[in-house]
Amino acid sequence: MMNRRGFFKWLGGLALSGVAVTGYAFGIEPGFLLRVQRYALTPPGWPSGFKLRIAALADIHAAEPYMGRARLKRIVAAANALEPDLTLLLGDYATGHRFVTQRIPVADIAAALKDLSAPLGVHAILGNHDWWDDKAAQKRSAGPSLYRAALEAQGLPVYENDGVRLEHRGKPFWLLGLGDQVAFIKGRGHFKGIDDLPATLAKVTDDAPIILMIHEPDAFTEVPARVSLTLAGHTHGGQVRLFGYSPVVPSAYGNRFAYGHVVENDRHLIVSGGLGCSILPVRFGVPPEIVLIELGT
């Protein structure tokens with residue numbers, strides 16, 4: 001049996017463990033860690049032997065103290081060091097919580113991201129926080145968006161229900177970007193999106209394979225098999241993830257689309273764990289990440 005002294009030693013150890021875990025979750029993991037999460041696949045509809053290297057950055061949520069200018073610069077350098085053929089930005093550049101010590105102007109965020117480099121270019125979509133942070137757009141329930149304007153001013157194309165046909169080593173493919181699904185806040189728990197998946201897919205004029213960028217992964221339920229690979233962000237992997245389970249996920253489908261490589265009916269989705277934080281500046285078990293995808297391997 002545990003005596004009084006042993007009990008208080010156990011209680012003190014438990015308290016210290018709690019402090020350590022809290023410090024890690026609210027400081028070290030969100031503020032200092034960065035990993036490269038790698039995937040290698042040849043999904044249906046993607047030509048065998050057509051190798052394409054993609055770096056994807058999602059949910060930057062730029063703001064001090066955890067995602068300041070210096071850290072953003074380091075992330076850009078880390079992404080470039082992977083030598084991708086194509087770099088994709090999956091939305092949510094704006095801060096996602098109130099616990100900030102300094103906001104970063106949208107123009108500065110875009111200026112940092114313009115240093116990303118890839119032979120096939122850097123291509124972007126917007127996320128819900130980019131729209132929610134734009135008070136004028138919210139008031140009129142319509143674009144244009146400050147974040148789109150800032151990114152495009154730096155030469156970074158932004159796709160909203162649109163796309164582009166690209167070629168790599170003589171082989172074509174389509175890159176499409178869906179408009180955000182919850183762009184405008186219409187009341188507590190009520191949103192209006194600008195997403196139009198049929199119009200986005202209608203941009204495709206031949207049988208070249210398709211890569212689709214979406215911010216919220218819930219749209220994947222409507223993505224047809226014609227799309228070889230869908231890439232999403234938004235969930236941050238739940239920000240707290242243990243043993244492959246996230247207790248809280250900003251998705252109507254819970255853990256179904258929380259994180260990672262999802263395959264349903266031969267359709268492939270990769271959900272990034274993202275880089276920044278939303279609601280609370282906490283991460284535990286899902287450190288900030290750059291996604292690196294090797295297609296055709």
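**View A. Contacts of Q239.** Leaving aside neighbours within four places in sequence, Q239 is in contact (heavy atoms within 4.5 Å) with G276, C277, S278, L280, V282, R283, F284 and V286. The model is predicted: local features need pLDDT of at least 70 and side-chain atom pairs pLDDT 80 or more, whereas totals for chains, interfaces and linings use all residues. Residues are numbered from 1 along each chain as its sequence is written, and side-chain values use heavy atoms, without hydrogens and water. Q239 lies in the loop between β12 (229–232) and β13 (260–264); strands are DSSP runs of E with at least two residues, and helices are runs of H or I with at least four, numbered from the N terminus. The side chain of Q239 reaches the backbone oxygen of V282 at 2.9 Å. Q239 counts as buried because its relative accessibility is 7%, the limit being under 20% relative accessible area, with exposed over 50% and partly exposed in between (1.4 Å probe, protein chains only).

**View B. Loop residue L280.** L280 is located between β14 (267–271) and β15 (289–295), in the loop. With a relative accessible area of 38%, L280 is partly exposed.

**View C. The largest nonpolar core.** This core has 33 residues, and L89, Y93, L113 and L151 have the most contacts inside it; a nonpolar core is a set of buried Ala, Val, Leu, Ile, Met, Phe, Trp, Tyr and Cys residues joined through side-chain atoms within 4.5 Å. At least two of its residues come from each of α2 (69–81), α3 (106–113), β6 (122–124), α6 (146–153) and β15. Apart from this core lies another, of 29 residues, including I54, A58, I125 and L295.

Technical notes:
A polar contact is a pair of N or O atoms within 3.5 Å; within protein, one must be able to donate a hydrogen and the other to accept it, and residues adjacent in sequence count only if both atoms are side-chain atoms.
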